[in-house]
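Hi,

Here is the model I promised you, with its sequence. Have a look at it first, and my notes follow below.

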Amino acid sequence: MEIGLSNNCVKMNLPDGNVVDVLSPVLEEIKQWIQDDISKPESGGYIVGYQHKHTGNISLEAVSHPYLLDVKNRVRFDIRDPRHQHFLRKARRNKSYYMGVWHTHPQEVPIPSDIDWNDWNETMKSDTTGCQYVFFIIAGTDEWRLWVGDFLTGEIQEAYECEKDTNGIYIRERMRQNEKTLQKDFK
Ligand SMILES: [Zn+2]
């Protein structure tokens, strides 16, 4: 997924056939921290969101960003500053829950490192989220990618964007709109 091409929400497929919406505030915030300059350290933070009760779809709606007390250098970022916990508490009060973590890479297209895979596998064992999945975003300098850890299967896999038509409109969404129109016609 290209960084900064559009500020719209990005829809991606989940292993169970549902959809995860990555909302624009998430992408907007992450865009501020990409390592497009040799001096910029790795950055990261938590992701919060919620699951829609009726559809099962998930929205990732906000992220925390680096603070002074985090540990960061060119190739490493560790969440240490207590303000990340404060961010999670505040989100929870608004019914938005811990859903995963994001960080940057000084690569055009991010590829998870061995350390990332180890961290993510640890996260799968230790963390719980507001749903069946935990989300891992890595932002390179040109593109960002999303990986989804499934607590039911223990597997982590990359998530891919939902299919779009030639006008750039998500096909599932268009079908749903059509269904709604049809239902209205029947009434
Ligand atoms: Zn990494």
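Val20 has Ile58 of strand 4 as its bridge partner. That bridge belongs to the pairing of strand 2 with strand 4, which is parallel and runs over 3 bridges. Before I go on, bear in mind that this is a predicted model.

On its other pairing, strand 4 goes with strand 3 in the antiparallel sense, over 5 bridges. There Gly49 has Leu60 of strand 4 as its bridge partner. Strands 3 and 4 form a hairpin with 6 residues between them, and in this hairpin Gly56 has a positive phi near 85 degrees. Is strand 4 mostly covered or mostly open? Mostly covered: 5 of its 6 residues are buried.

At the strand 1 end, strand 1 pairs with strand 2 in the antiparallel sense, over 4 bridges, and Asn13 stands opposite Val19 of strand 2.

Which residues of helix 1 are buried? Val26, Leu27 and Ile30 are. They are on the same side of helix 1, because the arc they cover around the axis is only 90 degrees. The general rule for an α-helix is 3.6 residues a turn, so residues three or four places apart point the same way. As for what covers the buried residues of helix 1, the list includes strands 2, 3, 4, 7, 8 and 9.

The largest nonpolar core has 31 residues, and the ones with the most contacts inside it are Val26, Ile30, Ile47, Leu60, Phe135 and Ile137. Two or more residues each come from strand 2 (19–22), helix 1 (24–31), strand 3 (44–51), strand 4 (58–63), helix 2, strand 7, strand 8 (133–139) and strand 9 (144–150). Strand 8 gives the largest share, 7 residues.

- Phe135: leaving aside neighbours within four places in sequence, Phe135 is in contact with Ile47, Leu60, Met99, Gly100, Leu146 and Val148.
- Ile137: this residue lies in strand 8. Ile137 and Trp147 are 10 residues apart in sequence, and their C-alpha atoms are 6.4 Å apart in space.

Is Lys95 buried or exposed? Exposed, because Lys95 has 9 C-beta neighbours inside 10 Å and the cut-off for exposed is 12 or fewer. Lys95 also has a positive phi, near 60 degrees, in a residue other than glycine.

Finally, the overall picture. The protein chain has 4 helices and 10 strands, which from the N terminus on run β-β-α-β-β-β-β-α-β-α-β-β-β-α. Its radius of gyration is 17 Å, close to the 16 Å that the globule rule gives for 187 residues, so the protein chain is as compact as a globular protein of that length. The C-alpha trace spans about 60 × 35 × 30 Å along its principal axes. Of the 187 residues, 27% count as buried. Among contacts with a separation of 6 or more, 65% join residues 24 or more positions apart.

Over to you!

Technical notes: Residues are numbered from 1 along each chain as its sequence is written. This is a predicted model: local features need pLDDT of at least 70, side-chain atom pairs count only at pLDDT 80 or more; totals for chains, interfaces and linings use all residues. A residue is buried if 20 or more other C-beta atoms lie within 10 Å of its own, exposed if 12 or fewer, and partly exposed in between; C-beta atoms are placed from the backbone. A nonpolar core is a set of buried Ala, Val, Leu, Ile, Met, Phe, Trp, Tyr and Cys residues joined through C-beta atoms within 7 Å. Two residues are in contact if their C-beta atoms, placed from the backbone, lie within 7 Å. Two strands pair if DSSP finds at least two bridges between them. The radius of gyration is taken over C-alpha atoms; the globule rule is 2.2 Å times the number of residues to the power 0.38. The arc is that of the directions from the helix axis to the C-beta atoms.
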